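This report walks through a few local features of one structure. Please look at the sequence and the model first.

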Amino acid sequence: MMSVKEQLYYLIKHVKLGNYDINTFCDMFTNLVNLEMWKEEFSEKETAVFNELNKYTSRFSPFEEDLKLPNVFYDEKEIKKQIDIALKDLEIDIVS
């Protein structure tokens, strides 16, 4: 079984590779960060990057009505942008 840290890295890599849709990724990532992350040790950098990405994944919505509300929800484009930032910050190389 993968550790929480391994699961978070796995999710980030595999959503970028197209193995997860954004909605599924956001649900899984947010649950891991909010419910499981405290169980393990993370570096300061990892904690900061995962928490920052979680600010976006926890407020993702695929619904146009939600996205009309100012500063409440984020769309798929913004989530993908934040995933790219997390990949760069964590120095994760994507190899398919």
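A residue counts as exposed when its relative accessible area is over 50%, as buried when that area is under 20%, and as partly exposed in between. The model discussed here is predicted.

Glu91 lies in the segment after α5. Its relative accessibility is 62%, so Glu91 counts as exposed. Glu91 is not a glycine, yet its phi is positive, at about 55°.

Asn71 also has a positive phi without being a glycine, with a value near 60°. Asn71 sits in the loop between α4 (64-67) and α5. With a relative accessibility of 74%, Asn71 counts as exposed.

## Packing of α2 and α5

Two packed helices are described by the angle between their axes and the distance between the axes. For helix α2 (residues 22-36) and helix α5 (residues 76-89), the angle is about 60° and the axes are 11 Å apart. The two helices, α2 and α5, are therefore oblique to each other. The crossing of α2 and α5 is left-handed.

Which residues of α2 and α5 meet? On the α2 side they are Ile22, Phe25 and Cys26, and on the α5 side Glu76, Ile79, Lys80 and Ile83. Of the residues in this contact of α2 with α5, five are nonpolar and two are charged, while none is polar.

## Thr57

Thr57 belongs to helix α3 (residues 44-57). Is Thr57 buried or exposed? Its relative accessible area is 4%, so Thr57 is buried.

Leaving aside residues up to four places away in sequence, Thr57 touches Phe25, Cys26, Phe29, Thr30 and Ile79. Among these, Phe25, Cys26 and Ile79 also take part in the contact between α2 and α5.

## Aromatic rings

A pair of aromatic rings is described by the distance of the centres and the angle of the planes. The whole structure contains six aromatic pairs. In one of them, Tyr10 and Tyr20, the ring centres are 6.5 Å apart and the planes stand at 80°, so the pair is edge-to-face. Tyr10 is in helix α1 (residues 4-16) and Tyr20 in the loop between α1 and α2, so that the pair links distant parts of the chain, ten residues apart. Tyr10 counts as partly exposed at 32% relative accessibility, and Tyr20 counts as partly exposed at 23%.

One aromatic cluster is formed by Tyr9, Phe25, Phe29, Phe42 and Phe50. Two members of this cluster, Phe25 and Phe29, are among the residues touched by Thr57.

Note on methods. Residues numbered from 1 in each chain as written. Predicted model: local features only at pLDDT ≥ 70, side-chain atom pairs only at ≥ 80, totals over all residues. Heavy atoms only, no water. Axes fitted to C-alpha atoms, helices over the stretch in contact; angles between N-to-C directions. Helix = DSSP H or I, 4+ residues; strand = E, 2+ residues; numbered from the N terminus. Parallel < 35°, antiparallel > 145°, perpendicular 65-115°, else oblique. Left-handed = near helix turned anticlockwise from the far one by under 90°. Contact = heavy atoms within 4.5 Å. Nonpolar A, V, L, I, M, F, W, Y, C, P; charged D, E, K, R; others polar. Buried < 20%, exposed > 50% of the residue type's maximum accessible area, 1.4 Å probe, protein only. Phe/Tyr/Trp six-rings, centres within 6.5 Å; stacked < 30°, edge-to-face > 60°.
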